[in-house]
Amino acid sequence: MTTATTHDTHHEEHRRGLMRWITTTNHKDIGTLYLLLSLLMFMVGGAMAMVIRAELFEPGLQFVEPQFFNSMTTMHALIMIFGAVMPAFVGLANWLIPMMIGAPDMALPRLNNWSFWILPFAFTILLSTLFMDGGAPAGGWTMYPPLVMQTGNAFPFLIFAVHLMGISSIMGAINVIVTIVNMRAPGMTMMKMPLFVWTWLITAYLLIATMPVLAGAVTMLLTDRFFDTSFFNAAGGGDPVMYQHIFWFFGHPEVYILILPAFGIVSQIIPTFSRKPLFGYSSMVYATASIAFLSFIVWAHHMFTVGMPLTGELFFMYATMLIAVPTGVKVFNWVSTMWRGAMTFETPMLFALGFVVMFTIGGFSGLMLAMAPVDFQYHDTYFVVAHFHYVLVTGAVFAIMGATYFWLPKWTGHMYNEKLGKLHFWLSTISVNVLFFPQHFLGLAGMPRRIPDYSVQFAGFNEISSIGGFAFGLTQLLFVYIVFKTIAGGEKATDQVWEGAYGLEWTLSSPPPYHSFSIAPDVK
């Protein structure tokens, strides 16, 4: 064979390899693509967070212009929410749901391919705003008018990118629902599905209900800016507070979209490493559903300071505090699952335990924010920042990392390095608390969020917080190393990963057959 023909065959194979990933309709390939995009966006969003923490290391303006600082806070949020956390959950759904319900693939494979490939374009458009006249969007991820209108050329690109992300999410959600409802194996009734599948089914309904609301809100912003409408322009008879109502009607269920799949992941990991069936399976399903329902009637707790009637404040306060009940049920059920179990502490279990403890801290600070009278003090301070980062970093992100360690052997056939995994967990846990815990104190002392400069009395806690931030950021490079080292080929994973516990993953996270609580093997 001549060199030319060899070169041609290599070229052909390479093209086939590339086309395989572009045109794939295989749920595992698409799941992998989602997870890799999510990891990339996690690092990009993390780099933006590093800019924020560098600027806040000490009072005064050090590194960036105030406008660019506000662009960083805005872009960091949009990229972490729509680019890191949500695609990671969709990637996990793609990989696991068909396998967990005994389906050959997702119900709508080509729609699946499309819903992934929209995303790289959406984020390219979003990131391209960094290079436009007038700078990247700087109105916060909430995109409140009239502030967001002053974003110059970037504004229509921001709106278009948000539309693309929303379309992708809706298509992914339709796919999940159709798959779960129509493609379960015989005998796999709804109340036998693993909890991860349940949390995703409920999350998918949340996505379909809320994403069009966001689309409507940002379209109204667009017409206000370019077509002389006055939806939110007070001078033309509009109401900027109406935007807040529409946005948070999407935004509050959105935060549950970001955490419910994490509940599902933790409900798979904890029974496996406790060698015990999940405690209170059906109550976990009903608790997830009630959280989802309640998430639609609490939106205005983000708006206690806009001057709503007292009756409104009382309603939203009590409705919000009510969400603590089903959430508490979940936490108690996880603890009860571990109670007297034969527990071992491999990396996935460490992340799940870290999740339970630190997510609960985020839950308690959320309960504080739910109380209208005191929220007047907390609103728009660093206390809120601390609260939602405990929920989204030590909650959602820790669950995603736990899931990665838990299922990586199943995905790659290779075992990750357990020592490095545990090191990653402990470095992450220590640094994330050094990063976010001091922010509670800053907020209680009155430091407002989204500002590049601050009064000198806040310097100490900001310095500690920034040190924690750089440590946490660096630690995630270790995570990237572990993941790629495993994909490239760690030691071979056996059929019995997790020393036999792995075989139990299935039996333990769905309800056990009657009277068979002894299915767990004897543990030496």
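## Confidence

The protein chain has a mean pLDDT of 92, and 92% of its residues reach 70 or more; pLDDT is the predictor's confidence in each residue, from 0 to 100. This is a predicted model, in which local features need pLDDT of at least 70, side-chain atom pairs count only at pLDDT 80 or more, and totals for chains, interfaces and linings use all residues. Residues are numbered from 1 along each chain as its sequence is written, and side-chain values use heavy atoms, with hydrogens and water left out.

Over residues 512-524 pLDDT stays under 50, and the model has 11 contacts (heavy atoms within 4.5 Å) beyond four places in sequence for this stretch.

## Helix α2

Helices here are DSSP runs of H or I, at least four residues, numbered from the N terminus. Helix α2 covers residues 27-55; its 29 residues at 1.5 Å a residue should span 42 Å, and its end C-alpha atoms are 42 Å apart, so the two agree. The expected span is 1.5 Å times one less than the number of residues. At the start of α2, a side-chain oxygen of N26 comes within 2.6 Å of the backbone nitrogen of K28.

## The loop between α4 and α5

Most residues other than glycine have a negative phi, and most peptide bonds are trans. M143 lies in the loop between α4 and α5, and its phi is near 55°, a positive value in a residue other than glycine. P146 is found in the loop between α4 (109-128) and α5 (154-182). The peptide bond from P145 to P146 is cis, with omega near 0°.

Terms used: Helices (H or I, at least four residues) and strands (E, at least two) are DSSP runs, numbered from the N terminus. A polar contact is a pair of N or O atoms within 3.5 Å; within protein, one must be able to donate a hydrogen and the other to accept it, and residues adjacent in sequence count only if both atoms are side-chain atoms.
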